[in-house]
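Subject: Handover of a two-chain structure

Dear colleague,

Please find below the structure that I am passing on to you. My notes on what was found in it follow directly after.

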Amino acid sequence: MAPLKVLVGVKRVIDFAVKVRVAPGGHVVQEQGVKHSLNPFCEIALEEAVRMRERGEAAEVIAATVGSRQSQDALRTALALGADRAVLVELPGAGPEQGAGPGAGPGQGAGPPLVAAALAKLVEREKPQLVLLGKQAIDDDCNQTGQILAAILDWSQGTFLSRLELDPGSSSVRIQREVDGGLEQLRLQLPTVLTADLRLNQPRYATLPNIMKAKKKPLEVQPLEQLLGGPVPPPRLRVLRLEEPPVRQGAQRVESVPALLERLAALGRI
Amino acid sequence: MLRAVAAQPLRRAASLVQRFQSTLVIAEHNNETLTPITLNTITAAKRLGGEVSCLVAGTSCDKVAQEVSKVQGVAKVLVAQHDAYKGFLAEELTPLVVETHKKYNYTHICAGASAFGKNLIPRVAGKLDVAPVSDIIEIKSPDTFVRTMYAGNILCTLQCDEAIKIFTVRGTSFEAAPASGGSASLEKLTPPPPVGLSEWIDQELTKSDRPELTSAKVVVSGGRGLKSGENFKLLYDLADQLHAAVGASRAAVDAGFVPNDLQVGQTGKIVAPELYIAVGISGAIQHLAGMKDSKTIVAINKDPEAPIFQVADFGLVADLFQAVPEMTELLKKKHCGSMLAQDCWKVRCAPEDIIGCSWPRAGGMASPSHTIRAVAGTLPSCGSGGPSAPNLSSISGAACGQSMSGFSWNTLRFSWFLQL
């Protein structure tokens with residue numbers, strides 16, 4: 001089987017270690033001056049694609065994102081981690097710190113259906129045999145884009161991927177998925193959309209020389225309208241309100257195990 | 001019938017549409033039994049106010065269809081049996097759901113937010129060109145839902161203006177619908193032709209006698225602090241005493257201590273048991289996302305600064321390798337465990353049990369007297385309906401096996417306890 005062309009969808013999100021706050025007004029989260037990075041699941045998807053290329057299973061790895069101009073950071077990181085080239089599908093009217101948000105409201109980025117529609121157009125243009133995404137973005141926690149993309153393309157889907165093997169000589173892949181009770185194995189016909197779970201691999205760090213090299217790799221910017229060939233549809237979910245959940249009272253310290261059991265018994269928990 | 005005739009003009013009048021709501025719940029099962037999250041999803045579907053139908057698709061559906069037809073609140077069970085549904089592949093189930101929707105015109109389609117629902121529902125939404133809503137925790141109205149984002153740190157109330165609302169339901173946010181008392185009609189569906197894009201090969205499921213993690217009343221979870229997979233035995237022993245499920249943090253899973261499907265957190269399972277005991281878990285945001293809706297949270301950690309103490313109700317700063325076995329031992333002495341429980345005096349504590357007690361006196365154990373104080377503290381709530389709770393001085397003279405006169409049962413049992 002000839003090496004595959006692989007498209008990897010990545011997303012720029014607020015860093016996983018940041019404590020997120022709702023911005024005044026209650027419609028968006030505070031993004032100004034907050035550390036952003038590549039969504040951890042996207043890193044894993046990208047790592048898998050780069051490993052495939054290193055094994056000679058992939059011919060080219062294209063990193064793509066749908067977001068604001070700021071999302072170029074995420075693409076440069078993807079290039080430093082080993083992607084060959086990158087495409088930014090630029091959201092119209094997204095402000096300097098927007099485009100990576102939860103995807104369901106004004107100025108909050110595209111949201112999974114629109115990202116999937118944009119990626120489907122990119123797939124039409126680039127004709128990859130494999131699209132790799134993360135299983136979910138840690139900001140909107142939707143866990144939808146890969147599945148919607150597979151639906152639009154009418155491709156097979158392999159979600160929550162923990163192992164990927166190409167079947168030599170055939171046009172399918174064998175995957176292992178993480179499901180509720182354990183693991184399951186599937187065979188998927190190519191082309192296919194796969195979404196990476198945490199256990200798929202251990203992503204590498206970008207080295208300084210690779211970060212320098214990434215600056216010279218091609219990064220194309222394409223407006224979303226142009227890619228869709230028409231106006232960008234309005235968001236179909238409207239955020240009415242964002243709020244922080246009630247804060248739990250801190251722990252009451254107990255001095256010993258019997259004291260702990262006593263307290264639990266008093267509450268009827270044991 | 002009425003819906004078919006009236007659907008078009010009514011769609012414009014939201015208040016009228018509401019009366020004609022109909023929801024399709026996609027049942028999750030293993031060809032033998034219904035997965036519990038489906039019952040929680042049915043409760044969410046009932047909250048929408050319309051008629052609730054359930055789709056049961058699989059290679060062998062009779063048993064499950066019968067089971068679903070008895071669930072309270074289900075009006076109709078649609079059954080699609082075909083070999084193509086082996087492994088419940090989304091590629092095969094999606095055309096079936098879409099066909100079923102075309103036939104009945106649902107206003108809502110939903111499933112539990114399990115690996116099954118998360119895999120299937122967005123594909124269905126993609127085919128119907130609808131924006132799906134993931135993992136809802138509350139239904140405000142038929143088109144307004146609440147869900148969490150950013151690892152549970154933000155609650156988002158959103159309105160879905162789609163003609164069909166397609167969503168997954170967080171099982172722990174809705175009660176399970178009663179599994180009996182219903183009498184739904186059964187209807188066989190003709191499965192659309194197989195798609196054949198994918199094939200299920202096999203599965204390796206983690207076998208366990210313990211309750212299932214997402215529906216357990218008590219969960220004992222371990223983290224990096226357990227140091228090895230062998231040490232998880234300490235948690236299994238404790239879990240057995242509490243009839244608890246065992247969970248883990250990502251650190252414990254990544255280190256290979258336990259299989260992945262035990263991971264509790266943003267990207268693992270979301271649990272909300274009555275009691276969650278976090279052992280050797282620091283409490284990263286991503287872990288808290290999976291357990292912070294538990295009713296009571298206990299943290300056992302030797303680092304007093306661990307963030308888990310900020311969400312825990314009770315925190316014990318201690319070495320887990322001492323605290324956990326001690327807890328197990330205390331619970332193991334059956335009557336001791338019962339004595340601590342609220343209703344112990346009436347139900348589970350027979351005097352003979354108490355006589356057989358021996359206190360564990362291993363190094364590092366708390367003294368019996370300390371425990372007795374602890375038990376005394378719980379007495380008022382234990383003795384409900386019975387004589388008033390004894391105080392320590394009034395019973396300290398009682399001897400094991402002596403005459404019962406002058407003592408209530410509670411006092412007597414307590415006196416025996418004191419002797420040991």
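I begin with chain B. Among its contacts (heavy atoms within 4.5 Å) with a separation of 6 or more, 64% are between residues 24 or more positions apart. Chain B has 16 helices and 15 strands; these are DSSP runs, helices being H or I of at least four residues and strands E of at least two, numbered from the N terminus. Of the 420 residues in chain B, 56% are buried, where buried means under 20% relative accessible area, exposed over 50% and partly exposed in between, with a 1.4 Å probe and protein chains only.

Some conventions apply throughout. This is a predicted model, in which local features need pLDDT of at least 70 and side-chain atom pairs count only at pLDDT 80 or more, while totals for chains, interfaces and linings use all residues. Residues are numbered from 1 along each chain as its sequence is written, chains are lettered from A and ligands numbered from 1 in the order in which they are written, and side-chain values use heavy atoms, with hydrogens and water left out.

An open sheet of 10 strands has the order β12(A)-β7(B)-β6(B)-β5(B)-β8(B)-β4(B)-β1(B)-β2(B)-β3(B)-β9(B), with mixed pairing. Two strands are taken to pair if DSSP finds at least two bridges between them. At the edges stand β12 (237–243) of chain A and β9 (185–188) of chain B; each has a single partner strand, so one side of each has no neighbour in the sheet. From one strand to the next, the twist averages 35°. Axes here are lines fitted to C-alpha atoms, for helices over the stretch in contact, and angles run from 0 to 180 degrees between N-to-C directions.

Within this sheet, β5 (residues 133–141) and β6 (residues 144–149) of chain B run antiparallel and are joined by four bridges. I136(B) has R147(B) in β6(B) as its bridge partner. Helix α6 (residues 115–128) of chain B lies across β1 (22–26), β4 (108–112) and β8 (165–169) of chain B, and runs at about 170° to β8(B).

The interface

In the interface, 83 residues of chain A are in contact with 93 residues of chain B. The two chains bury about 7700 Å² between them, 54% of it on carbon and sulfur atoms; buried area is the accessible area (1.4 Å probe) that two parts lose on being put together, summed over both. R236(A), R248(A) and R269(A) supply 10% of the area that chain A buries against chain B, more than any other three residues. Seven salt bridges are found across the interface of chain A and chain B, a salt bridge being a side-chain nitrogen of Lys or Arg within 4 Å of a carboxyl oxygen of Asp or Glu. One of the salt bridges in the structure joins R238(A) to D161(B), with the closest N and O atoms 2.9 Å apart.

Covered strands

In chain A, eight of the 10 residues of strand β4 (residues 58–67) are buried. Strand β1 (residues 4–9) of chain A pairs with β4(A) in the parallel sense over six bridges, and K5(A) stands opposite E60(A). Strand β5 (residues 85–90) of chain A also runs parallel to β4(A), joined by six bridges; there, V87(A) is the bridge partner of A64(A).

In chain B, strand β11 (residues 218–222) has five of its five residues buried, so β11(B) is largely enclosed by the rest of the structure. β11(B) runs parallel to strand β13 (residues 275–279) of chain B, with five bridges between them, and S221(B) stands opposite A278(B). Over four bridges, β11(B) also pairs in the parallel sense with β12 (residues 245–248) of chain B, where A245(B) is the bridge partner of V219(B).

Cysteines

Over all chains, the search finds zero disulfides, a disulfide being a pair of cysteine sulfur atoms within 2.5 Å. For C42(A), the nearest cysteine sulfur is that of C142(A), 13 Å away; C42(A) is buried, at a relative accessible area of 4%. For C110(B), the nearest is that of C54(B), 8.4 Å away, and C110(B) is buried at 0%.

With kind regards
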